[in-house]
Amino acid sequence: MTAETTITESLAKVPTGIAGFDAVTLGGLPAGRPTLLCGGAGCGKTLFAATFLVNGATRYDEPGVFMSFEERAKDLATNVASLGYDLQDLVGRRKLAIDFVRVERSEIEESGEYDLEGLFVRLGHAVDVVGAKRVVLDTIETLFAGLSDAAVLRAEIRRLFAWIRERGLTAVITGERGEGQLTRQGLEEYVSDCVVLLDNRVEDQITTRRLRVVKYRGSAHGTNEYPFLIDHRGISVLPVTSAALDYDVSNDIVSTGIGGLDAMLGPGGFFRGSSILVSGVAGTGKTTVCSYMVDAACRRGERAMSFVFEESGAQICRNMTSVGLDLQRHVDGGLLRFEAARPTLFGLEMHLARMHRDIEEFQPNLVVIDPVSALHGPRTELQGTLLRMVDMLKSRGITALFTSLRNEAARDQTADLGLSSLMDSWVKLLDVEASGERTRTLYMIKSRGMSHSNQMREFRITAGGIEVVEAYVGPGGVLTGTARVIQEAHERAVALRRRQDGERRRRELVRQRGAIERQIAELRASLDAAEDEESLLFAEDDTREAELERERLVVSARRGAAE
Amino acid sequence: MPESDEDPAAEDADPGQYHLRLYVAGQTTKSLLAMANLRRVCEEHLAGRYDIEVIDLLKDPKLAAGDQILAIPTLVRRLPPPLKRIIGDLSDTEKVLVGLDIRPKAS
């Protein structure tokens with residue numbers, strides 16, 4: 001027992017360096033123990049195993065031994081060269097030893113008892129030569145085809161695994177998937193520490209590779225089936241969503257790059273890290289709107305990544321020059337990356353795995369998926385995939401922009417992929433057809449956590465960019481485009497006439513009032529004259545009365561004297 | 001050199017010198033048994049025209065890969081060609097003779 005086995009007892013783990021797999025297994029494979037890697041033909045067992053060794057040799061300074069029972073060293077080197085691994089170089093630098101064990105039944109005659117000590121000697125020698133910490137046996141079950149005494153083989157394989165543990169070697173043993181059990185020869189009985197199952201399923205003519213950790217003694221591990229990807233950048237496993245909704249939220253506001261659209265949002269843009277859905281039927285300008293947001297992000301010096309399923313990146317760059325956007329310079333400047341692929345190229349999981357890897361690599365601030373509705377698959381799987389996609393982006397604080405063609409039944413829960421509830425903001429682009437004309441309008445269906453305009457706006461895509469104008473909303477209904485222009489002109493004319501009418505009436509009133517005032521003045525003058533006359537008459541009457549009185553007194557006086 | 005006591009047909013087919021190599025790993029029971037069995041068979045059927053080389057892989061492990069040694073003990077017929085392998089303690093003489101392509105003596 002070496003010091004290494006003591007570490008094993010506290011369950012030390014050895015990283016495989018395979019993106020995602022170490023996350024699923026919370027650290028990697030059990031150190032100093034054998035791990036069984038099983039799966040059908042063409043699942044990627046050998047590549048997985050080779051990756052484990054190559055990463056060990058190049059990244060973790062743990063040399064390895066690849067004992068192949070199926071492929072010659074040269075063939076193996078050629079095969080894994082497709083992942084960008086140079087085995088010959090590693091062998092040359094004594095970081096890796098490859099031993100091809102040829103088992104050919106026709107060349108071997110059996111006479112009497114034997115054991116597999118020769119295999120032990122070879123493995124032990126190879127391990128000693130490079131100082132290996134990692135071992136791959138690919139595929140040890142081939143022995144059963146070459147040798148007839150299964151009882152001896154089983155005993156020897158059991159002894160081999162014990163020997164691996166004793167030497168403290170972290171081993172990956174591959175096995176063909178068998179009927180009713182994980183491997184044809186029931187190797188899982190001997191390797192009980194960790195069993196990983198690889199699978200390659202075809203659904204709707206699309207192949208998806210999946211990986212599952214069947215068991216991992218003494219350790220928690222992700223139990224789901226995780227899609228994984230093999231391409232020229234190696235193997236990557238996509239750790240399916242951590243179901244927790246505990247990502248950090250940002251109060252940062254990012255501008256959309258379209259003034260009019262910003263103005264429709266209370267804070268003047270979307271929250272950073274939110275998910276935005278731009279939906280609309282074909283030709284409503286989804287890609288253009290997205291490109292503006294991309295341009296705005298790149299102008300701020302942020303990184304943007306665009307997953308496009310319908311056009312190539314170059315085509316989008318060219319098309320956007322017609323609306324005054326120069327995306328190519330962002331691409332050249334390294335701030336923008338397009339990843340174009342036909343939706344049917346991979347299954348959903350593969351798309352997700354690919355995005356996951358590309359996002360890890362590029363570390364963008366903004367991700368565009370255009371259009372998300374292009375992804376096909378069974379309903380439940382599609383929803384699950386989208387959910388994980390949104391979660392993956394959110395947990396990284398990446399602003400996500402999805403476009404969707406499915407517009408007709410947008411509010412219909414059964415038809416919108418469940419996207420609507422996943423999204424924080426939803427901009428709907430709508431074609432309004434009226435009087436032989438099609439105009440583009442947009443409105444915000446929702447935008448979580450902010451006030452937003454409820455109005456429908458018309459927007460025009462011009463050579464100068466996107467211009468958002470307020471639509472005509474009046475008694476005549478909502479009008480857009482030329483109809484709006486005509487209606488506005490009409491309203492202006494009506495208003496002018498109304499104003500002129502008013503002025504005319506006001507002038508008339510002023511005139512009437514003047515006439516009445518004049519009449520009043522005339523009457524007042526007559527009244528004055530009458531009053532003068534009256535007072536004159538009263539004065540004459542008084543004088544006459546006085547005169548008569550005086551004369552009567554005189555007469556009476558005279559009469560009195562005469563008597 | 002044809003043996004006088006073999007029939008002419010076998011003499012024609014007889015390719016001459018046998019160069020045999022026996023791989024063992026330490027002095028185990030199986031190894032010792034294999035060595036004894038091999039000597040007996042050779043003396044009986046190939047007297048005077050064979051040589052045996054015994055390789056102990058515990059002393060020389062790097063030789064194991066060269067001859068594609070897997071099981072122990074393994075007997076390899078280096079000469080005459082083609083290369084032949086027999087695994088086991090060689091207790092089944094019939095199979096050893098078939099494996100080495102030696103016709104048993106007509107009895």
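# A tour of chains A and B

Start where the chains meet: 27 residues of chain B are in contact with 21 residues of chain A. Two residues count as in contact if their C-beta atoms, placed from the backbone, lie within 7 Å. This is a predicted model, in which local features need pLDDT of at least 70, side-chain atom pairs count only at pLDDT 80 or more, and totals for chains, interfaces and linings use all residues. Residues are numbered from 1 along each chain as its sequence is written, and chains are lettered from A and ligands numbered from 1 in the order in which they are written.

**Stop 1: the chain B side of the contact.** Select helix H3 (63-66), strand S4 (84-87) and helix H4 (93-100) of chain B; these are the elements that give two or more residues to the side touching chain A. Helices (H or I, at least four residues) and strands (E, at least two) are DSSP runs, numbered from the N terminus. H4(B) gives the most, with four residues. Now colour that side of chain B by residue type: 16 are nonpolar, five polar and six charged. Here Ala, Val, Leu, Ile, Met, Phe, Trp, Tyr, Cys and Pro count as nonpolar, Asp, Glu, Lys and Arg as charged, and the others, Gly among them, as polar.

Stop 2: Select strand S6 (residues 108-110) of chain A with S4(B). They pair in the parallel sense over three bridges. Two strands pair if DSSP finds at least two bridges between them. Zoom in on A:Glu110, which stands opposite B:Ile87 in S4(B).

Keep B:Ile87 in view. Strand S3 (residues 74-79) of chain B runs antiparallel to S4(B), and four bridges join them. The bridge partner of B:Thr74 is B:Ile87.

**Stop 3: all of chain B.** Its secondary structure comes to four helices and four strands. Follow them from the N terminus: α-β-α-β-α-β-β-α. Buried residues make up 35% of its 107 residues. A residue is buried if 20 or more other C-beta atoms lie within 10 Å of its own, exposed if 12 or fewer, and partly exposed in between, with C-beta atoms placed from the backbone.

**Stop 4: chain A.** Expect 16 helices and 25 strands. Of its 563 residues, 41% are buried. Select strand S11 (residues 225-231) and strand S12 (residues 234-237) of chain A, an antiparallel pair joined by four bridges. They form a hairpin with two residues between them. A:Phe228 has A:Val237 as its bridge partner in S12(A).

**Last stop: the core.** A:Val237 returns here. In the largest nonpolar core, of 157 residues, the residues with the most contacts inside are A:Val135, A:Val237, A:Val294 and A:Leu401. Such a core is a set of buried Ala, Val, Leu, Ile, Met, Phe, Trp, Tyr and Cys residues joined through C-beta atoms within 7 Å. Finish on A:Val135. Not counting residues up to four places away in sequence, A:Val135 touches A:Gly64, A:Val65, A:Met67, A:Val127, A:Ile164, A:Leu169 and A:Ala171.
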